[in-house]
Amino acid sequence: MIRNSIVAKLWLTIVAMVVLVLVLLSILLQQVFDNYVYEQQVSELTRLASTVKTLVLENDESLATHIASELADVQQAHIAIYGSISESGDGRAMYQRLSADQQEALSAGQTVTVRGVYNGADTVAVYALIPGASPGLLEVRQRMSVLHDPLARMRNLILFAMALGVILTTGLAFVISKNLSRPLVQMNRAAELMARGNFSGEIEVVTRDEVGRLGRTFNALASELERTIAALTQEKYQLSSILSSLRDGVVAADLDGYVTLMNPPAQRTLSQWALADRGVPEVTRLPGLLLRVTEHVLERKETRSEELMVLGRQMVVTTTPLYTSDGRTVRGTVSVLRDVTEERRLDRLRKDFIANVSHELRTPLSMMQGYAEALLDEFGDDPEQRRELAWIIHDETLRMKRLVNDLLNLAQLESGQFHMNFEQVDLVSVVRRVARKFQTLAADRGLDLQASVPGSPVWVWGDPDRLEQVFTNLVDNAIRHTQPGGRVRMEVAASPHHARVRVSDTGSGIPPEDIPYIWERFYKADKARTRGTSGTGLGLAITRHIVLEHKGDVVVESRLGSGTTFTVSLPLYTGDSRM
C-alpha cells in the first residue's frame with residue numbers, strides 16, 4: 001500500500017529524515033550536557049578544594065577539618081587531608097599514584113582532576129598541594145552518581161523535545177506531502193482518463209512553482225492531444241468513408257502478404273478469390289496470383305499495373321509500395337482492384353456497334369450510289385428499267401430511315417427517355433390488327449398466318465402503339481425466316497394475373513449457341529447479312545426493352561430447322577396498374 005502511494009512515501013521520507021536528525025541531535029546534546037555537567041562539577045570541586053586549602057592554611061587543623069566536613073556534606077563529597085608527601089604514609093602513597101605530569105602540576109600550585117573507579121564506584125577527585133615546610137595533600141572526591149539526577153532530567157527533557165518534534169513533524173510532513181502530491185494524483189487520474197479516451201480531466205493549478213508549471217504543461221498537453229486525436233479520428237472516419245464508397249477494391253498488406261486493411265469491394269472480391277483458391281472464404285493473406293504481383297513490386301519498389309483474369313472477370317490490379325514515415329523503408333503494399341469486365345464488354349459493343357452501323361449503312365449507300373450513277377449515265381432506253389432503279393433507290397432510302405429510327409428508338413429506350421402513353425389496352429384488338437396488317441405479305445410469300453384469340457377482351461395497361469410495334473417486329477421476323485408453305489401463328493391467352501401472346505413459326509429456327517445473343521443489337525440469323533430477308537438487327541432489342549418498360553417479360557424457344565416461338569407476358573390490368 002505504501003509503495004503505491006506517493007503521499008505515504010513523501011510523509012515517511014520527511015518523518016524519517018526529521019527523526020534521524022533529532023536522534024543525532026539528541027545524542028550530540030546528551031554528550032554536550034554530560035561534558036557541561038562534568039566540567040561544572042569539577043569546577044565546583046576545584047573551588048571547594050581551594051576553600052578547604054585556604055581554611056587549612058589560615059586556621060588550625062581541627063577547625064579546618066570541621067568546616068571542610070560541613071562543606072563536603074553540602075556537596076555530597078568526601079574530603080581527605082593527608083600528611084607530608086615527603087614522608088612515608090598515606091599522603092606519600094596517594095601522591096605516588098599520580099602521574100609525573102600531575103605531580104609537576106601540583107608542585108606548580110595547580111589542582112589536578114582525576115576520574116576513575118574508587119571502591120567499585122565511578123568517582124571524580126580533585127587534588128591540591130598544601131604548602132608548608134612539609135607539604136601535605138588535599139583530596140576532594142565525589143561519586144559520579146551524584147550527577148545522574150541532573151543528567152537524567154536533562155535526558156528526559158531532550159527525549160520529550162524529540163518526541164514533540166516527531167509529532168509536530170509528522171503532521172507537518174503529512175500536510176506538505178499532501179499538498180505536493182495533490183497535483184501528481186490529479187495528473188495520474190487525468191492520465192488514466194486519457195488512456196480510456198476521455199480528455200475532459202483538467203489539473204487544478206494553485207501554485208507557480210515547478211509542480212504548478214508541470215500542471216499547466218499537462219493541461220496544455222491534454223488539450224493538444226485531444227485536438228490531435230480528434231483530427232486523426234475525423235481523418236480516419238473520412239478515409240474509411242472514402243474507401244467504403246469506392247466501387248474499386250482497395251487492399252493493403254504487410255511485407256509477408258498478410259492483409260492489414262481492405263474496403264468492402266475488396267472484401268467481396270478476395271473472399272470469392274480465396275474460396276476458389278483455398279476453399280475457405282477467409283481473407284487473412286493475399287491470394288497467390290496477387291501475392292506474386294506484390295512480391296514483384298516489393299522487389300522493384302515501383303508501381304505495377306497488371307490485368308488479371310479472375311473467376312471469369314477481368315481485373316486491373318494496380319499495386320504501389322507503402323513506406324514508413326522516413327520515406328525510405330518499405331513496410332508493405334496497397335493494391336487497387338478494378339473490375340473492368342463491363343468496360344471491356346462495352347468497349348467491344350461499341351466497336352461492334354460501329355462496325356455494324358458502318359456495314360448496314362455502307363450496303364444501301366453503295367447500291368444507291370451505283371443506281372444513281374446509272375441513272376445519271378442514262379443507263380438503258382427503257383423507262384421501266386429507269387423506274388425500277390428509282391424504286392430500288394427509294395427502298396434503300398426507306399431501309400436507311402428505318403435503321404436510323406430504330407437506332408434512335410433503342411437509344412431512347414436504354415436511356416429511359418423514351419416517352420410512352422399508357423392506357424387501358426385490349427391485347428385481342430392489337431393482335432387482330434397486326435394479323436390483318438401482315439395477311440397480304442404472308443399470302444404473297446405463300447405462308448399461312450393465323451391469329452387465335454379469345455372471344456372476350458384481354459385488358460392490359462400499356463402503350464397501344466408500342467405494343468403493336470412489339471408484335472409487328474415478332475411477326476415480321478417470323479415471316480422473313482419462314483419458307484413458303486410454312487405457318488406463322490399468333491395466340492392470346494390469359495391467366496389469373498398475366499396475359500400471354502405467343503408468336504410461333506415453322507421457319508429455320510435459331511442455333512442454340514446464338515440464343516443468348518438474339519437480344520443484342522444487330523443480331524441476325526442470316527450470318528451472310530444478305531439484303532433479301534435480313535432486317536436491321538435491332539428489332540428484337542427494341543422489342544425486349546418495350547416489354548420490360550411494361551413490367552413484362554419475353555422468352556424464346558427454338559429448335560434449329562423446326563421453328564421458333566416467342567412468348568410475351570404482360571400483367572393484366574387491375575384498375576390500379578398505373579406506372
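This is a predicted model: local features need pLDDT of at least 70, side-chain atom pairs count only at pLDDT 80 or more; totals for chains, interfaces and linings use all residues.
Residues are numbered from 1 along each chain as its sequence is written, and side-chain values use heavy atoms, with hydrogens and water left out.

**Helix 4**
- Helix 4 spans residues 100-107, and its buried residues are Gln103, Ala105 and Leu106.
- Buried means under 20% relative accessible area, exposed over 50%, and partly exposed in between (1.4 Å probe, protein chains only).
- Helices (H or I, at least four residues) and strands (E, at least two) are DSSP runs, numbered from the N terminus.
- Ala100, Asp101, Glu104 and Ser107 are exposed on the face turned away from the buried side.
- The buried residues pack against helix 3 (90-97), strand 2 (112-118), strand 3 (121-130) and strand 4 (136-143). Contact here means heavy atoms within 4.5 Å.
- Just after helix 4, glycine 109 has a positive phi of about 85°.

- An unreviewed UniProt entry lists residues 6-29 and 157-176 as "transmembrane region". Such annotations may be inferred rather than shown by experiment.
- Residues 157-176 are 100% helix and 0% strand, with the end C-alpha atoms 28 Å apart.

**Salt bridges**
- The structure holds 10 salt bridges. Each is a side-chain nitrogen of Lys or Arg within 4 Å of a carboxyl oxygen of Asp or Glu.
- Glutamate 224 and arginine 227 pair at 2.6 Å, N to O. Both lie in helix 6 (residues 210-245), 3 residues apart, about one turn of the helix.
- Glutamate 224 is partly exposed at 42% relative accessibility, while arginine 227 is exposed at 52%.
- Arginine 304 and glutamate 306 pair at 2.4 Å, N to O. Arginine 304 is partly exposed at 26%, and glutamate 306 is partly exposed at 22%.
- Glutamate 468 and arginine 433 pair at 3.1 Å, N to O. Glutamate 468 lies in helix 12 (residues 464-480) and arginine 433 in helix 11 (residues 427-444), so the pair ties together parts 35 residues apart in sequence.
- Glutamate 468 is buried at 16%, whereas arginine 433 is partly exposed at 32%.
- Salt bridges with shared partners join Arg433, Lys437 and Glu468 into one network.
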